[in-house]
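Have a look at the picture, then follow the questions.

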Amino acid sequence: MTTTSTAPAVTRTDPSARRPPALGGFSPTVLAIEIRRVLRNRRTLMFTLIMPAVFFLLFGLPQRGQELPNGRPVTAWIMISLAVYAAMVATTSAGGAVATERALGWSRQLRLTPLRPAAYVATKAATAMVLGLIAVVIEFAVGAAAGVRLPAYVWLLAGLGAWLGSLVFAAFGLFIGYLAPAENVMQFMGPILAILAMFGGLFVPLDVLPHVLQQIARFTPVYGVGEIARAPLTGDGVSGAALANVIGWTVLFSLGAARLFRRDTARV
Amino acid sequence: MTSAHPAVELAGLTKTFGPVTAVDGLSLRIQPGEVVAFLGPNGAGKTTTIDLLLGLARPDAGTVRILGGTPTEAIRYGRVAAVMQTGGLLKDLTVAETVRLTASFYGRTRPPGEVLERAGIADLADRQVGKCSGGQQQRLRFALALLPDPDLMVLDEPTTGMDVEGRREFWQAIRADARDGRTVLFATHYLDEADAYADRIVLVRQGRIVADGTTAEIKNLAAGRLVRATLPGADQAGLAALPGVEAVEVRGDSVLVHTADSDAVARHLLTRTDARDVEITSRNLEDAFLALTTGQPAVERLTTQPIGA
């Protein structure tokens, strides 16, 4: 038999000292741990950081010496395209991590803490964008090391385009993360991303595709990001269609993710 | 520290899943500082009740108050914490990272080192969660629950799947902690756990409370003996009128008499009736538990404790 625990509280927290977390629990600590987790995941590193770099060495370098119509190197065109690809895989996988955490019961555990669901999603999106930035920087670093030379403004604008455009895929990853029940969501996302990248003209220029496919490709979610990221290089300027494409898909995936997220947090 | 509000106040709580009523008008009040076992067989509605208590599920009817507020408020201010049965851990993090990550979700916590120490896993700080045993993971969940220094700690079958040694160590940690005056509510289907670690036992069956009292009181429900005999056409009222008799049940040709004075019943049966095959057995807590939770009608009448609170 236990005795009734009427012992005086010695170390207990005073109720008046209790307070909810600032920013609903969104903090640099959470972000730092999240990023470290992602970087510790070998599969993520392989597919997001190493593979696109290897692609560049395999498919980009043989094009050395070739020039675009405006005299810039073809290798730069390939490098920027692969940077977009790297960033989209990175952000999708970071967002898609939600699926794993739901499968593990972590999101249920989080509901027993003061962390606000919105802060959780914000952390995931921020992690995705940091990983996306790292992906772009690595691809550009490999390109520069392999001899790609561009004016500073092209590096900067193309990099920003590839990075910010990958917001589409941070939203896409979250959407898939709340849609998929699977723990290993990226296993079936990999091929889907590769097909989307193909339609987005990241692996080969869209001009080589049949006309019908070219028309369809304009409405797929990678097309806009690719066009915007390469615009500083080609000097073609950003078309309204590309901009509408990026904004449209970002809004669509975000709304989808938000809807599934609400269903998820309301679920019993 | 003293609060005018009960630590837990459930009123008329009901939750159905399709045709199944998991929780059926359950009411319960727990005062600050109580250590309460929520005891019942699997499927009695314990986990659903805890989900409702913590705001993880919404009741179809009834209300939940934790320390005078809603579950959401209690969680936001770290006044309640819970150790759930399974899941809820990220395998790729280390033990220390899990604690630091969880700590960052709160406005104010105890130091991570302290909760690891209290949960008895300070030496595992750098181990990956996926490489920890079930018992170690459970103590990690307990460490996480200690972070906000909650006024109310809820544990849902915390030792399921642990070996004997693991269970003992886990409860030692909980007991050491409960001495500080924390309110503890734990669900279990292990009788010995309820007996050893709770001040009060709430027995549930089919979503209802069938008995509620101190462990001693619950044990008293099982006091006395059971006299069984073969007696066609037994005079139920006559037997019930004998001194010490608490309940009489007739099952076909058998009669079962629950009594504090088995000698008197046996003497009566053998001298005044045609009873044969007289059998006298004593009952233990296990019997009371089984009887109360499997719902044999005669035994239910033995429940002298107020239902609910």
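Helices (H or I, at least four residues) and strands (E, at least two) are DSSP runs, numbered from the N terminus. This is a predicted model, where local features need pLDDT of at least 70, side-chain atom pairs count only at pLDDT 80 or more, and totals for chains, interfaces and linings use all residues. Residues are numbered from 1 along each chain as its sequence is written, chains are lettered from A and ligands numbered from 1 in the order in which they are written, and side-chain values use heavy atoms, with hydrogens and water left out.

Q: How many helices and strands are there in chain A?
A: Chain A has eleven helices and zero strands. Read along the sequence, its pattern is α-α-α-α-α-α-α-α-α-α-α.

Q: What makes Asp151(B) and Arg18(A) a salt bridge?
A: The rule asks for a side-chain nitrogen of Lys or Arg within 4 Å of a carboxyl oxygen of Asp or Glu. Here the side chains of Arg18(A) and Asp151(B) meet at 3.4 Å, N to O, so the pair qualifies. Across the interface of chain A and chain B, the rule finds five salt bridges.

Q: Which helix of chain A gives the most to the side that touches chain B?
A: That's α1(A), with six residues.

Q: How many residues of chain A and chain B are in contact?
A: Contact means heavy atoms within 4.5 Å, and by that rule 43 residues of chain A go with 54 residues of chain B.

Q: What is the area buried between chain A and chain B?
A: Buried area is the accessible area (1.4 Å probe) that two parts lose on being put together, summed over both. Here that comes to about 4,500 Å², with carbon and sulfur atoms giving 53%.

Q: Why is a space called a pocket and not a cavity?
A: On a 1 Å grid over the protein atoms alone, a cavity is a set of points where a 1.4 Å probe fits but cannot get out, while a pocket is an open set with protein on both sides within 12 Å along at least five of seven lines. Lining residues have an atom within 4 Å of a point.

Q: How much space lies in the largest pocket, and which residues are closest to its centre?
A: About 970 Å³, a volume being the space filled by probe spheres set on the points, which are joined across faces, edges and corners. Of its 34 lining residues, the closest to the centre are Asn41(A), Arg43(A), Thr44(A), Thr100(A) and Asn184(A). The largest share of the lining, eight residues, comes from α3(A).
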